[in-house]
Amino acid sequence: MSKLSKSFYPKLALSNIIKNKKVYFPYILTCIFNVMMFYMMSAIKNNSNMSKINGAENLKFLLEIALFVAVIFSVIFLFYTNSFLIKRRKKEIGLYNILGMEKRHIGKMMLYETLMIGVVSLSAGLALGILFSKLMFLFLLKLIDFDVVLGFDVPISSVIFTLILFGAIFVVTLLYNLVKIRFSKPIELLHGGEVGEKEPKTKIILTILGLGCIGWGYWFALTVQSPLTAMSLFFIAVILVVVGTYALFTAGSIAVLKLLRKNKKFYYQTKHFTSVSGMLYRMKQNAVGLANICILSTMVLIICSSTLALYAGMKDSIKQEYPNDIGLDIETGFDDATDEINAAVNNAIKQNGVETKNYTAFHYISIPCQFENGKFKFLDKGVTLYNAKNMKACTLMSLDEFNRLNGTDYTLKDNEVIVYSKKKIAFSEFIIENANDSKTFNIKETINKVSSIQSGSYENIFDNYTIIVNDMNTLKSIDSSILSDEQSEFPIHYAIKFDVNLDKAKCIEFSNHIFDDMNIDGVTSASADNIYEAREVYYGMYGGFLFIGLFLGILFLMATVLIIYYKQISEGYEDKARFEIMQNVGMSHSEVKKTIRSQVIIVFFLPIIVTGIHIAVSFRIIKKMLMLLGLTNTGLFIACTIGAMLAFCVVYGVVFIITAKSYYKIVSASQNA
Amino acid sequence: MECKPKLWQPIPFFYILSLVITNNEKADAGVMEENMSLLEVKNLKKIYTTRLGSNQVQALSNVNFSVEEGEYVAIMGESGSGKTTLLNILASLDKPTSGEILLNGKSTVTIKEKELSAFRRANLGFVFQDFNLLDTFSLKDNIFLPLVLAGMKYEEMEKKLAPIALKLGIDDIMTKYPYEVSGGQKQRAAVARALITTPKLILADEPTGALDSKSTEQLLELFTKINNEGQTILMVTHSVKAASSAKRVLFIKDGEVFHQIYRASMKDEEMYQKISNTLTVLATGGEQVE
């Protein structure tokens, strides 16, 4: 006996897997793919060459988040598919049990099955992962514009981590299956797949809750004003919409179908009779699956479209924030040190033999103002942009510098100002107020166009207004009047921007050392930026975003595909019996086909339509959030969203056609006899 | 039985039959041509070919019989005798290899695929062993299914249902679902579904097969009742009890109608006895080898 049993169980396990290939092969493929993706991500994170990349810390952090998401996702998803598999096989296992296999024998058989699947998935997944990780790494380097060819690297820690993680997942699923079998009677197993399920109840409260959640989430998404609130509200809105989607798919769908059934004229029509009752019956089991598809599709689309838009819009963002090669920002201090600064900067330029172009310089102050009824009011009460209502960011400049920058020739009186704003609102006064004084300026005119030098990304985040006063003295007097204690909370800044005739390395070198020999009294802070380092940071970040977006997008897409496939298969088996009965009762072959088609189409379109609505509604809030990350090009984001949507629809459609075919095959298996 | 086969010699099967069966009509249905029958089956033959074409199994070799309007006919035979094949062909779920079936003078073999379902809906009612009720429908909707498929208006359907449900004693469980009622109730609902289209012929396939004895009795009484009201019934069954409620019993063996018994004025018990005897002969006759 012992000699026989040694090869008996592995053989039985193998034949079981092959016999159930319709459900097992996709499962194994998913496992392999999951292992591969996970390993590649981990291997890139642990790659010894990572540290050579500028901004590697940022990228590593992003990869870590992606890995974390992938771990959670793998656990949930593999567990979910496993529970589907075991449900499908209940009958077969019950039969083994009745034919005399004890439960421990079945356990042994399942152990071998899991072992085989585990070994195949892990070895194939790791092999493919190691093979493609270099490719993936090169792709990432390309995205972040880092063109150094790095060696082949197989981080052992990643291999071990992957083995442990997925080994643990397999062990847990096996334990779950064993427990499930242990506590069920053979007769239950035998009838496992075909228990006459009760008709789902109408859950009014859950339906209303679902509507409420979605409505609330949508309301957030549609009414949000500032990008900062968008950021904080986004996750609440996401949770609300996810909860609402699940509630509506599970309870709302049933409520709607029951309502349809109550309408006797509608219900008792050949077209509707079988589909409404069929949908009603299957919604109970499949609503969650449909909601999963919907949520996953939405996530795939949002992640891919926004990271793609960020990446594509990156060059614009850089140009907007860094109009020149080098930008200096210096606080001129209490006693205006502008002349000394100019001298020192010119000195540094000359000493390094640098030629400059497009040299511009101007002073400004940034203050928060309360804006009401067209009046800007500076209140010296420690309010900031974040803690008070109707606060706007205002940048104060002097007229002569403004005219020079923009090539204009506006004139102003002492008590007049010009306001630059993209918004077309009526402005009347600008008031500076402190403990013992108050000064009012009349707003002479409003303009809505300025040179690119002034329009920083700052104005994307807040409603930013530039207020132009008549001269430097007024600017200084305003600064001293809003001064608190010795130091100004809102010091005068002096910005110098210019292009240089240096290559990348020298430019970085120059900008990083420009202040080295400067020591000017009163200057409290000085910073220098250069476009090259900024570009590296941008590429590292947005390239990393896109990479991770695509990674998660592919992972979620795979899950969507598998869920659709399994749904079709399990529904096929259930519907087969139903359609046979209907044919026996007098439904023609073509009528059966028509009914099948209409059901398939509903199941196909329902999640994707809801996904479309979610995407459309989320557009505004995501656009605001992308502003925070420097993307202001709405057209680009629209293009990316539509592009991602189309690509997704094509993949979804292809998958659906393929899986629908296997569904038809199952349903019509014996009907052509 | 009085028939005692001599051990040294296989006794010809027909000889035994002639000893047992007093009525002594051989399977000669299909000869009455002067009066058109409701259902006529002529020279029906069905050969199954296995998928690779290597094996041929003859399920029906040459079946001939007819059913008159208002008759209640049972078809008996062992497993593998071709009963189910015959029923499937009669139900036009399957096509014969050769031969003809006339329902009301119209051939069901040559009917077009497109018209087939409508034809079946209009002319045939089905009762199955495992009820074939859909769990997705309440009993009422299950019964309505053929009418809905035929495109009838809801008000008319309701009008048709009321008397039938009352007659079958299921009017109080109409809103229940199949998994909520007993086997007997399910089968009565299935009968209601068969009756609601007022078919010319009801085909019943082992209708008592999944029922307990009490439900069986109720169902057979019901069959007799609706037959007395003029409904033609053709039932395929294993059960002697079920067959003994019929007015005529056909026996099938090896793909042919082998024999038949008319009830005439016999009581159920006599009928039962006679069917038993015939079956015994059929069974022993087939194994007559020593």
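Biologist: Which residues of helix 2 of chain A meet helix 3 of chain A?

Modeller: Keep in mind that this is a predicted model. On the helix 2 side of chain A, the residues are A:V23, A:Y27, A:T30, A:C31, A:N34, A:M37, A:F38, A:M41, A:S42, A:I44 and A:K45. Their partners in helix 3 of chain A include A:L63, A:L67 and A:L85. Sorted by class, this contact has 13 nonpolar, 5 polar and 4 charged residues.

Biologist: How do I read the way two helices pack?

Modeller: In general, you look at the angle between the axes and the distance between them. Here, helix 2 (residues 21-45) and helix 3 (residues 56-98) of chain A cross at roughly 165°, and their axes come within 10 Å. Angles over 145 degrees count as roughly antiparallel, so that is what helix 2 of chain A is to helix 3 of chain A. Their crossing is left-handed.

Biologist: And what is the angle between helix 8 and helix 10 of chain A?

Modeller: About 165°, with the axes of helix 8 (residues 227-262) and helix 10 (residues 270-312) 9 Å apart. That makes this pair of chain A roughly antiparallel too, but helix 8 passes helix 10 in a right-handed crossing. Among the residues that meet are A:Y246 and A:F249 from helix 8 of chain A, and A:M279 and A:M283 from helix 10 of chain A. The classes here are 16 nonpolar, 3 polar and 2 charged residues.

Biologist: How many residues does each chain give to the contact between chains A and B?

Modeller: Chain B gives 23 and chain A gives 18. On the chain B side, the largest share, 6 residues, comes from helix 4 of chain B.

Conventions
Residues are numbered from 1 along each chain as its sequence is written. Chains are lettered from A and ligands numbered from 1 in the order in which they are written. This is a predicted model: local features need pLDDT of at least 70, side-chain atom pairs count only at pLDDT 80 or more; totals for chains, interfaces and linings use all residues. Axes are lines fitted to C-alpha atoms, for helices over the stretch in contact, and angles run from 0 to 180 degrees between N-to-C directions. Helices (H or I, at least four residues) and strands (E, at least two) are DSSP runs, numbered from the N terminus. Angles under 35 degrees count as roughly parallel, over 145 as roughly antiparallel, 65 to 115 as roughly perpendicular and the rest as oblique. A crossing is left-handed if the near helix is turned anticlockwise from the far one by less than a right angle, and right-handed if clockwise. Two residues are in contact if their C-beta atoms, placed from the backbone, lie within 7 Å. Ala, Val, Leu, Ile, Met, Phe, Trp, Tyr, Cys and Pro count as nonpolar, Asp, Glu, Lys and Arg as charged, and the others, Gly among them, as polar.
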